[in-house]
Amino acid sequence: MRKFLLGIGLLITTFSLSAQSDPGDVIDWPCDVLRDSLDLPYFYCDCRETSSVFAFPLETEITDTVWYTATLDDLRQGISAYWFADCSVTMEVFAFCASKKPTFTLTVGPNQMRDIDNTKINQKLDEMGETARLQAQTLTPHIRVYPRGGSGRVYCYPYDQGPHSTCEDPLPLRIGMTYVCDKEENVYRMDWKSIPASGKSFVHWKQKQNKACEIWLTLDSCNGQEVGRTYLSDSLHLYQPDSAMLVNARAAHRSLWLHVQHASNITGRIYFYSNPKYAETALAAVTKKTCYGKTIDVNLRTYSTDTTFVDTIWVARDTLNTQSVKLTFTQPNMEYDTVQVDSATLQRGYRYQPSGTILYQFGDTVVEVVKPKTCTRRIQVTVEPKITEQPPVVDPPVVDPPVVDPPVDPNEALDDVTSATRKAYKNIENGQLIIYIDDQRYNVLGQPIN
């Protein structure tokens, strides 16, 4: 990156010092004569006469040296360059065809992708004065691209963009190569010869905001037998295909297809590595405890229930590491509450305010009060019938019943046992009328009672 920015600076400086540095712009001589007479570089005429106009996206086969004429606006976009070949390729940027040395050189190895961020470039250009910026708009650097000992296919896109790899036209899936995924779905094909003989491999997804993607594998074709699928929630974790499946696929000469799908508004990068390395020392174990209802974040993932596992995470390129994780969430203690509800309200549904639960019947119900980032409460709610209020009950005053003389039959024999000189007294005993005369007891019939 520093070399590229230095190259941009040199281009601008060179242009500012000499706005007309190509002798061919002012001397009307045959190119080869001009080159030999002025001791210009040997490639001067190829640069001047064979350069094609560079434009994104560029997709072409390269078997020999080719020249392009670019603009500063092209450079401002940055670049993502794919090179599919068994040899490396070199890109050199010259301020002018007459320049004897390139101001910037970039070499891409066999089956690799290199990209250059446009942010730093634009920042550097924005730091220039207004006059320098206006001059830079007319700068037309020349780019020489040549393979080193072979031929291959090149894809050049602006930074953070890449070719759309589809079922109908898939890019070859190479070990360790970077693939920019700016389309919602991409499909890559790995020939059986490229499948690692050990079967050991992993797929890594990188995204700047740790947005997720879903990946799956098929055999033989884009719509072939599915042999693996996972959801990668972040850029720290990875997917390891079944090693026995890969060994068998290679032995049976079956191609492997990698599918990558993500949200349409994000861009990420996908990698396929073989024979992963592991760090010599595992990461320190993670042991955490909290209450039920809260969450614990470990390695960009969130957990809410008890769990114990060994996490495998990405370190750098094809290197991984492991970490033991033990998380405990303590259960809430039971609380108790009693509420009184009338039957009509309960029939319509009574909302228990602490939890928002709707209750429809009398009796005991266990509810949970759940709030974000707060310990969960567990309550046994007892619903009872509501008692209606009534005026107090007042006992009536106690009144002795009046003594009523029973009616006396005039024909009774009482007249036979009484006389005008004798006085009779009456009393009710055990529910019977008793008559006393001279201390003698008689019933209503006048019969004496002992």
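**Entry 1: ground rules**

I count two strands as paired if DSSP finds at least two bridges between them, and I take helices (H or I, at least four residues) and strands (E, at least two) as DSSP runs numbered from the N terminus. I am looking at a predicted model, in which local features need pLDDT of at least 70 and side-chain atom pairs count only at pLDDT 80 or more, while totals for chains, interfaces and linings use all residues. Residues are numbered from 1 along each chain as its sequence is written, and side-chain values use heavy atoms, with hydrogens and water left out.

**Entry 2: an open sheet**

Next I followed 4 strands that form an open, antiparallel sheet in the order S11-S18-S13-S16. Which strands stand at the edges of this sheet? They are strand S11 (179–181) and strand S16 (238–239), each of which has a single partner strand, so one side of each is left without a neighbour in the sheet. I checked the S11 and S18 pairing and found 3 bridges in the antiparallel sense, with Ile270 in S18 as the bridge partner of Tyr179.

**Entry 3: aromatic rings**

I found 14 aromatic pairs in the structure, where rings of Phe, Tyr and Trp (its six-membered ring) pair if their centres lie within 6.5 Å, and planes under 30 degrees apart count as stacked, over 60 as edge-to-face and the rest as tilted. Tyr82 and Tyr155 make an edge-to-face pair, 6.5 Å centre to centre with 80° between the planes, and this pair links distant parts of the chain, as Tyr82 is in strand S4 and Tyr155 in strand S9, 73 residues apart. Tyr82 counts as buried at 1% relative accessibility, and Tyr155 counts as buried at 11%.

Phe202 and Tyr273 form a tilted pair, 5.3 Å centre to centre with 35° between the planes. This pair also links distant parts of the chain, with Phe202 in strand S13 and Tyr273 in strand S18, 71 residues apart. Phe202 is buried at a relative accessible area of 0%, and Tyr273 is buried at 6%. I also noted one aromatic cluster made of Tyr82, Phe84, Tyr155, Tyr179 and Tyr188.

**Entry 4: the largest cavity**

I counted 2 cavities of 30 Å³ or more; on a 1 Å grid over the protein atoms alone, a cavity is a set of points where a 1.4 Å probe fits but cannot get out, a pocket is an open set with protein on both sides within 12 Å along at least five of seven lines, and lining residues have an atom within 4 Å of a point. The largest cavity has about 280 Å³ of space, a volume being the space filled by probe spheres set on the points, which are joined across faces, edges and corners. Of its 24 lining residues, Ile79, Ala81, Met91, Ile143 and Cys156 are the closest to the centre. The elements that give two or more residues to this lining include strand S4 (79–84) and strand S9 (152–157).

**Entry 5: the largest pocket**

I then turned to the largest pocket, which has about 330 Å³ of space. It is lined by 18 residues, and the closest to its centre are Asp115, Thr178, Lys206, Arg269 and Tyr271. S18 gives the most to this lining, with 4 residues.

**Entry 6: backbone details**

I found a cis peptide bond joining Phe56 and Pro57, with omega about -10°, and Pro57 lies in the loop between strand S1 (52–53) and S2. Asp39 is not a glycine, yet its phi is positive at about 55°; Asp39 sits in the loop between helix H2 (31–37) and helix H3 (44–50), and it is exposed, with a relative accessible area of 53%.

Key:
Buried < 20%, exposed > 50% of the residue type's maximum accessible area, 1.4 Å probe, protein only.
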